[in-house]
Amino acid sequence: MAHWRAVALCTNGWALGASGESQKGLAQIEQGLESYGLGASQDILLVLQADAQLASGKPAAALASVAAGLEAVEKMGGAPLEAELHRLKGEALLAGAGTVSEAETAVQQGIDVARRQNAKSWELRCAMSLARLRRQQGRPQEAAALLAPILGWFTEGLDTTDLQAARTLLDELENPAALDAAG
């Protein structure tokens, strides 16, 4: 029961953070991680923590959580959320904990891991992060060329948040003039 309580605390903490109660959410995640210990799914809880820390404007803390998550993944010999950890590392680096080059490398590692695992949803999330970065660098065509084929794989679930966000991003990349006129 203690295991499931820890997972519930982390999940609820992440939800609190996503709904704007970041300090309360981060405290719950920390409590859940402390009581969970070094369990087999620790990387999943660290993903939740890193995501909440990024949303709270704490990129250095997120980077530390990601490092702990990647260490756990290495000990396990891989994990389903490894690609997401690399993506979050890139986002944390981009948010001020590192350089643009380091961020790009981290997100590309996430894409490589997702491809190796045939994890299309994680690859899409990584590709969106990398596409946003390339757009910021003034490389929208390259960003669109990366995102379009990945988005094309999906034929159902098109109303999910990630797929809607990817479609919006691709539309912006392919038609920046319409975005400029609307904004």
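I took helices as DSSP runs of H or I with at least four residues, numbered from the N terminus, and the expected span of a helix as 1.5 Å times one less than its number of residues. The model is predicted, so I kept to its limits: local features need pLDDT of at least 70, side-chain atom pairs count only at pLDDT 80 or more, and totals for chains, interfaces and linings use all residues. Residues are numbered from 1 along each chain as its sequence is written, and side-chain values use heavy atoms, with hydrogens and water left out.

Helix α3. I checked the length of α3 (residues 42-55): its 14 residues should span 20 Å at 1.5 Å a residue, and the end C-alpha atoms are 20 Å apart, which agrees. I found 11 of the 14 residues buried (under 20% relative accessible area, 1.4 Å probe, protein chains only). Among them are Leu-45, Leu-46, Val-47 and Leu-48. The buried residues of α3 pack against α1 (2-18), α2 (22-36), α4 (59-76) and α5 (82-97), with contact meaning heavy atoms within 4.5 Å. Gly-57 follows α3 and has a positive phi, near 75 degrees.

Rings. I noted Lys-120 over the face of Trp-153, at 3.8 Å from the ring centre; the test asks for NZ of Lys or CZ of Arg within 6 Å of the ring centre and within 35 degrees of the ring normal.

Lining of the largest pocket. I found that α3, α5 and α7 (120-136) each supply at least two residues, and that α7 gives the most, with 5.

How values were computed:
Buried < 20%, exposed > 50% of the residue type's maximum accessible area, 1.4 Å probe, protein only.
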